[in-house]
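The exercises below are meant to be worked through with the sequence and the structure side by side. Try each task before reading the solution that follows.

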Amino acid sequence: MKVVVIGCGYVGLGTGLALALTGHEVAFVDLDEARVSRLARGRAPFYEPGLAEALHAARNRTRFTTDYRQALDRAEASFIAVGTPPTPEGAADLSFLRKAADGLAENAAGGGLLVAVKSTVPPGTTRALAGRLERRRPDVAWQVAANPEFLRQGHVLEDSLYPFRFVVGADRAETADRLERLYGKLIHGDFPTPTFVAGPNPSQPQDSPTLPRAVPVFRTSPETAELAKYAANAFLAARISLINEIANICDLVGADVVEVAGVVGSDPRVGPRFLGAGLGYGGSCLPKDVLALCRLAEKVGYAPRLLRAVHRVNADQPGRIIARLDRLLDGLGGTRVALLGLSFKAGTADLRGAPSLGLVSGLVARGAEVRIHDPVALDGVRGILPAGASGCASVGRAFTEADAAILATEWPEYQDLDWPGLRRRMCRPVLMDCRNALDPVRMTEAGFVYVGVGRGDTVGPRGRPAATVETAREPNLLDDHTL
Ligand code: NAD
């Protein structure tokens, strides 16, 4: 089928390339000329594993343009994957979506056109968009569906080719049927695994030795599909805030949150994933979607107390870490801090909503100089870093004469650093592992005073918390529980 994808970001490229690699002809349209011209030359516009290879593999079935009319020529289906960033009040900004709808209305050729809304939008948006299209172009037989996306940055191609589920929110069965047919090969895993992805997601069940079981398709109303996307992100965010709250309590009672999470996650009703305590969630989705869900709940007369708390716990987490480092160093003024990792998570260069940025500005505000290393996210970062923070091309440079080091993003390559050598470069030995990603015993043996999140301030020889600043203050635990 001839398909148009509007928006060449993570979602648009993931969706469009997966469709092209399963036999469809895909025209991508984006208003960003520089991005389109890069893509037209076969070059990835941002860091994402496998993207350059996927663009190459799909080159004969893809084209890139800024011109809606050209893209829509003979198209039968379109996917809207433009951004829905937060407004200053925290609601979803739908202006890009409106513009995309107008691009469709002004340039659709006539006949019928399927429109799938992949962008994350508040309930009611897809229905309103369908109305707008019908009013503007009554001659076109529009078939509009909400079709939210669940991919993870850093796994865009893997998740687009092997999704956990499809959600199709449409009033008419005919619209849902058409969208399902379009996704047919992806639903049935009926295509050779490309070399640039590992293969089906391990959690996808396999029925037959040749074909993975069909990906579940949830057919719902547009409003249910739209809300399901917000709900999915709200659940993920809530898990992170809940484990961070548990971690903060662990610190005060001398318990280890990694072990606590192991125990809790072994219950199949809970499961082990998304239970990593640390700096909090970030990125372009979770923070904005939690706030947008709060806004839309309030708009319809419901006070979302739990969701507001999820956001607050997350927003406070970098500040707690800064306060802790301040105590450990006896004041941050005049200190030098090495920061490992700036992107909001490993596998992406995306800095949108990165909690590390809050960490950097908080440290600088308290008088520290921050030297940052990131394997991919330092390009063009100069304009967004405060004075007092700078990027370093090597980890060694960031650690030189540092009073403390912070691991902020769990890039796998940081596991294999020469940690004893890095320790020797520092003035003082404090290492704050804000992702609980490093082995405390190894770090202690390398000469560091290792501090995780929710694990006590220092770790003794067998990996057990030895003495913690906070537990050393002897919390009032025994007041209520005197034996
Ligand atoms: P992005 O910011 O990476 O890309 C959006 C692209 O759309 C940009 O290239 C921009 O130039 C283009 N664009 C904006 N307005 C346009 C218009 N009128 N016509 C053509 N192009 C236009 O966005 P993204 O991260 O891919 O996210 C897109 C949507 O999907 C958002 O609603 C987001 O919440 C949702 N989502 C994102 C992810 C993710 O991991 N990034 C996952 C699931 C859902």
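This is a predicted model: local features need pLDDT of at least 70, side-chain atom pairs count only at pLDDT 80 or more; totals for chains, interfaces and linings use all residues.

**Exercise 1.** State how many cavities of 30 Å³ or more the structure holds, and describe the second largest cavity.

*Solution.* The count of cavities of 30 Å³ or more is 2. As for the elements involved, H10 supplies the largest share of the lining, with 3 residues.

**Exercise 2.** Work out which helix gives the most to the lining of the second largest pocket.

*Solution.* Begin with the pocket itself, whose volume is about 370 Å³. It is lined by 15 residues, of which Ala-234, Ala-238, Arg-239, Leu-306 and Val-310 are the closest to its centre. Two or more residues of the lining come from each of helix H10 (222-253) and helix H13 (305-328). The greatest contribution is that of H10, with 9 residues. The class count for this lining is 12 nonpolar, 1 polar and 2 charged.

**Exercise 3.** Describe the surroundings of the ligand, from the residues in its shell to the area that the protein buries.

*Solution.* The ligand is surrounded by 29 residues, and the closest of these are Asp-30, Tyr-68, Thr-84, Gln-153 and Lys-288. Divided by class, the shell contains 13 nonpolar, 8 polar and 8 charged residues. The polar distances come next: a polar backbone atom of Tyr-10 lies 3.0 Å from an oxygen atom of the ligand, and for a polar backbone atom of Val-11 the distance to a ligand oxygen is 2.9 Å. Arg-352 takes part through its side chain, with a polar atom 3.0 Å from an oxygen atom of the ligand. On its own the ligand would expose 830 Å², and the protein buries 91% of that area. Two or more residues of the shell come from helix H1 (10-21) and from helix H5 (95-107), and H5 gives the largest share, 3 residues.

**Exercise 4.** Identify what is found at the N-terminal end of helix H2 and what follows this helix.

*Solution.* Helix H2 covers residues 33-40, and its N-terminal end is capped by Asp-32, which places a side-chain oxygen 3.1 Å from the backbone nitrogen of Ala-34. After the helix comes Gly-42, with a positive phi near 80 degrees.

**Exercise 5.** Explain why the pair of Trp-419 and Phe-448 is edge-to-face.

*Solution.* A search of the whole structure gives 8 aromatic pairs. In the pair of Trp-419 and Phe-448, the ring centres are 5.8 Å apart and the planes stand at 80 degrees, so the pair is edge-to-face. Trp-419 belongs to helix H16 (residues 419-425), while Phe-448 sits in the loop between helix H17 (440-445) and strand S14 (449-451), and the pair therefore ties together parts that are 29 residues apart in sequence.

Notes: Residues are numbered from 1 along each chain as its sequence is written. Side-chain values use heavy atoms; hydrogens and water are left out. A residue is near a molecule or strand if one of its heavy atoms lies within 4 Å of it. A polar contact is a pair of N or O atoms within 3.5 Å; within protein, one must be able to donate a hydrogen and the other to accept it, and residues adjacent in sequence count only if both atoms are side-chain atoms. Accessible areas come from the Shrake-Rupley method with a 1.4 Å probe; for residues, only the protein chains shown count as cover. Helices (H or I, at least four residues) and strands (E, at least two) are DSSP runs, numbered from the N terminus. Ala, Val, Leu, Ile, Met, Phe, Trp, Tyr, Cys and Pro count as nonpolar, Asp, Glu, Lys and Arg as charged, and the others, Gly among them, as polar. On a 1 Å grid over the protein atoms alone, a cavity is a set of points where a 1.4 Å probe fits but cannot get out, and a pocket is an open set with protein on both sides within 12 Å along at least five of seven lines; lining residues have an atom within 4 Å of a point. Grid points are joined across faces, edges and corners, and a volume is the space filled by probe spheres set on the points. Rings of Phe, Tyr and Trp (its six-membered ring) pair if their centres lie within 6.5 Å; planes under 30 degrees apart count as stacked, over 60 as edge-to-face and the rest as tilted.
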